[in-house]
Amino acid sequence: MRSPLRPAAASRSPPLQARRRLPPCPVSGPTSPSIEVRSASGRRLGLLRKLDAFPLYEFRYEADYDLGTMLGAGTSPETRGSEASAAGRPGMACSCFAASDLDGHRVMGRNFDWDRDPVLVLLTSPAHGHASMALVDIRYLGYSAASPPEDNPARLEDAPALPFDGANDAGLAVGMMAVPHAEGMGDEARPVVDDLGFIRLLLDRAGNVGEAMALAASCNVRFSSVPLHYFVADRSGASVVIEFSGGRAVFFRGKEGWQVSTNFLFSDVAEERRASECRRYARATEVLAASRGRVDPLALLSGLSQPSTLWSSVYDLRDGTLELALGRSWQRTWTWRPGH
C-alpha cells in the first residue's frame, strides 16, 4: 500500500428558526495591511493580515511543504500546550454535523468550544495535494493577545500541521472533538501521524469519505493529552465518525443523509443510548430528524453553543465557502470563497 504521507494522484424543544443576521463580512473588506511572513531561515511563507480585534487573522500560506516531514516530526510540548483532558473541563466540548442548508447545499457545521484564543484562517495550496481552508487556534503555536503573530510571524511555518477543522477543494470537510480515550498506535509498519496532523492528511489527500476512511486505516495516529475522534463529510452527502480504538480505525457511517457527533465515543455507546449521552447530540439529532436533514446551519450551531464556544464554522461543500462566527456573535460573520 502506498504511504499516505507520499504525494498521491432531553425535554422537547421548539424547532430552531433561521436567524436574521447582518450580511457576512467579505474578507476583502477593511483590514490591517498584509505583512510578509518568513521562516526562521528566511524562506518566504506567505501573507498574514489581521481582520478583527477578536483577534482574527488570515494567513495565505503560499510556500509548499513536505507533508511527510511535517506530520512525522510532530510538535513539541511547548507549542502544543499541556492541557488536561477536555472530559474533565465543563463547557470545553465541541459539536459537528453534516446536513443540507436551506438552499439544499451540503454543509458541515462545527462549534469549537475551548479557551478564548487568537483564531487563524489558514489558506493552503500545496503542490501535491488539495487546496484547503482550515481554522487554527494559534495559542498552540505560542501566540496570545499579549504575544501576537505580528511580533514573531516565523512560528506560523508550522500552522499547516495544526488544523482544528477545515475543508478542501474536493468538497471534503473534517472536524475533531475531544473524547474520553483514543488509542491510535497499532501496526508498527504504518506511518505515524499526530492527532491534528491527521486532519491535515485528510485535507491534503482525501477527496471523499471513502478516501478518508482508507487513509485512516493506513496510519497510526499519535494522540497528545487530549484524545480525539473525527467527523468527516463530503459534498455527495456521505459522512462518517472516525475513532481509534486498540490501534485501529473504527468507522460509523451516516445513514439518513445527515449525521451528528459530539464528545462521546460511538464505540462505547450503543446507538439507542446516544441521545441520552449528550444534550447537544440529542438536540441536534432532534432538529435534523424533524427537518429531514435540512436546516439553517448557523442557527443550529447557535442552539448547540456554550459560553466557551470560540468559533462556529459552516463549510459549504458544494460552493467551497466558509462562513465563520466568532465568540457567539451570530449577527456578524466572515466569509471566504474559492479564489478570494
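Why is it called that?

Tutor: Let's start with the rings: the count here comes to 15 aromatic pairs. Rings of Phe, Tyr and Trp (its six-membered ring) pair if their centres lie within 6.5 Å, and planes under 30 degrees apart count as stacked, over 60 as edge-to-face and the rest as tilted. Keep in mind that this is a predicted model, where local features need pLDDT of at least 70, side-chain atom pairs count only at pLDDT 80 or more, and totals for chains, interfaces and linings use all residues. Residues are numbered from 1 along each chain as its sequence is written, and side-chain values use heavy atoms, with hydrogens and water left out.

Student: Why is the pair of Tyr 61 and Tyr 65 called edge-to-face?

Tutor: The ring centres of Tyr 61 and Tyr 65 are 6.0 Å apart, so they pair within the 6.5 Å limit, and the planes stand at 80°, over 60, so the pair is edge-to-face.

Student: How do you know whether Tyr 61 is buried or exposed?

Tutor: Buried means under 20% relative accessible area, exposed over 50%, and partly exposed in between (1.4 Å probe, protein chains only). Tyr 61 has 3%, so it is buried. Tyr 65 has 11%, so it counts as buried too.

Student: What puts Arg 116 over the face of Phe 54?

Tutor: A charge sits over a ring if NZ of Lys or CZ of Arg is within 6 Å of the ring centre and within 35 degrees of the ring normal. Arg 116 is at 3.6 Å from the ring centre of Phe 54. Arg 155 lies over the face of Tyr 143 as well, at 4.6 Å.

Student: Why do Asp 194 and Arg 222 count as a salt bridge?

Tutor: A salt bridge needs a side-chain nitrogen of Lys or Arg within 4 Å of a carboxyl oxygen of Asp or Glu. The closest N and O atoms of Asp 194 and Arg 222 are 2.7 Å apart, so the pair qualifies. Asp 194 is in strand E11 (residues 192-194) and Arg 222 in strand E12 (residues 220-222), 28 residues apart. With 11% relative accessible area, Asp 194 is buried, whereas Arg 222, with 34%, is partly exposed.

Student: How do you know that Arg 200 and Asp 204 are separated by about one helical turn?

Tutor: They are four residues apart in helix H3 (residues 195-205), so about one turn separates them. Arg 200, at 0%, counts as buried, and so does Asp 204, at 3%.

Student: What makes Arg 318 exposed?

Tutor: Its relative accessibility is 52%, over the 50% mark, so Arg 318 counts as exposed. Its salt-bridge partner Asp 319 has 35%, so that one counts as partly exposed.

Conventions
Helices (H or I, at least four residues) and strands (E, at least two) are DSSP runs, numbered from the N terminus.
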